[in-house]
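Welcome! Please take a look at the model below, and then read on for a guided walk through some of its parts.

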Amino acid sequence: MYKLVLMRHGESQWNLENRFTGWTDVDLTETGRQQAKQAGELLKENGFEFDLAFASVLKRAIRTLWIALDSMDAMHTPVGLSWRLNERHYGALQGLNKAETAQKYGEDQVLVWRRAYAIAPDPVAEDDPRNPRFDARYARVPADQLPRTECLQDTVARVVPFWEESIAPAIRSGRRVLVTAHGNSLRALIKHLDGISDEDIVHLNIPTGQPLVYELDENLRPIRHYYLGDQEAIAAQMQAVANQGKAQ
Ligand code: DG2
């Protein structure tokens, strides 16, 4: 049996301000840094050690990983960064406040934009500074793969190849792997791992800074999964994520 740990980054500045973030490279808040530290401590207390870690190329995920590894006294852990683990590109919504957007367009529309599997928000314009083609870190990504908006289906389409080509082979070779990424890039990966339907994935919300352990069989099929830590607090955090799209 293999164990894989998935973790959404700690609270970011735009999580705190309740703004659609996507590929915007915002940093952690002080709370987010504390969450990352506590997550590392929790992993250590529970006997977890890692041979390899992966993160997106966004600093909220990278810093979460650094802080968690630091608090495990494991900063020597090799790290692989990939744009494929980036958050879903939230298109023209990036930067807008989620509650204000719900007041303007209605909660149902915001739920569609946040959670519908195959409906993407409007894209940013070709010359919009939020277009990733202006960001040097994506210079080597083929232009036709760089998104100007994404739905979860699009995110699945770029996350799953990274799972197949990088994460899964590492696990199969016996390496103990930690992945720090984002609410929606992790929802994409979990949808694939657990075979969750397009309808049911709508209800999955991932809390910030909480290690999620997946036990996998020899074919890397999930046997069970569980969050480490205070289960009531985690359930409340998941509900709070769901509520971020409410008008109030
Ligand atoms: C959030 C997820 O991403 O937002 O892009 O706003 O995980 O990087 O903080 P993260 C964003 P929701 O889809 O939950 O609204």
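## Before we start

This is a predicted model, in which local features need pLDDT of at least 70 and side-chain atom pairs count only at pLDDT 80 or more, while totals for chains, interfaces and linings use all residues. Residues are numbered from 1 along each chain as its sequence is written, and side-chain values use heavy atoms, with hydrogens and water left out.

Helices (H or I, at least four residues) and strands (E, at least two) are DSSP runs, numbered from the N terminus.

## The sheet

Let us begin with the strands. An open sheet is formed by six strands in the order S3-S2-S4-S1-S5-S6, and its pairing is mixed. Two strands are said to pair if DSSP finds at least two bridges between them. Strand S3 (79-81) and S6 stand at the edges with a single partner strand each, so one side of each has no neighbour in the sheet. From one strand to the next, the twist averages 20°.

At the other end of the order from S3, strand S5 (residues 212-216) pairs with strand S6 (residues 222-227) in the antiparallel sense, over five bridges. Tyr214 stands opposite His225 in S6, and Leu212 stands opposite Tyr227 in S6. The two strands S5 and S6 form a hairpin with five residues between them, and Leu220 in the turn has a positive phi of about 65°.

## Strand S4, covered on both faces

Strand S4 (residues 177-181) is mostly covered, with five of its five residues buried. Here buried means under 20% relative accessible area, exposed means over 50%, and partly exposed lies in between (1.4 Å probe, protein chains only). In a regular strand, side chains alternate between the two faces of the sheet. In S4, Val177, Val179 and Ala181 are buried on one side, and Leu178 and Thr180 are buried on the other.

S4 has parallel partners too. Strand S1 (residues 2-8) runs parallel to S4 and is joined to it by five bridges, with Thr180 as the bridge partner of Met7. Strand S2 (residues 52-55) also runs parallel to S4, through four bridges, and Leu52 stands opposite Val177 in S4.

Helix H6 (residues 152-172) has a kink of about 45°, centred on Trp163. The bend at a residue is the angle between axes fitted to the seven residues ending there and the seven starting there. Among the buried residues of H6 are Leu152, Val156, Phe162, Trp163 and Ile171. The buried residues of H6 pack against S1, S2, S4, helix H7 (183-194) and S5, where contact means heavy atoms within 4.5 Å. After H6 comes Gly174, whose phi is positive, near 95°.

H7 lies across S1, S4, S5 and S6, and runs at about 150° to S1. Axes are lines fitted to C-alpha atoms, for helices over the stretch in contact, and angles run from 0 to 180 degrees between N-to-C directions.

## Where H4 meets H5

Helix H4 (residues 98-105) and helix H5 (residues 107-115) pack at an angle of about 125°, and their axes are 7 Å apart. That makes H4 oblique to H5: angles under 35 degrees count as roughly parallel, over 145 as roughly antiparallel, 65 to 115 as roughly perpendicular and the rest as oblique.

On the H4 side, the contact is made by Lys98, Thr101, Ala102 and Tyr105, and on the H5 side by Glu107, Gln109, Val110, Trp113 and Arg114. These residues divide into four nonpolar, two polar and three charged. Ala, Val, Leu, Ile, Met, Phe, Trp, Tyr, Cys and Pro count as nonpolar, Asp, Glu, Lys and Arg as charged, and the others, Gly among them, as polar.

Not counting residues up to four places away in sequence, Thr101 touches Phe20, Leu93, Leu96, Gly106, Val110 and Trp113.

Ser12 sits in the loop between S1 and helix H1 (13-16) and counts as buried at 0% relative accessibility. Ala242 belongs to helix H8 (residues 231-243) and is partly exposed, with a relative accessible area of 27%. Beyond residues up to four places away in sequence, Ala242 touches Arg114 and Asn205.
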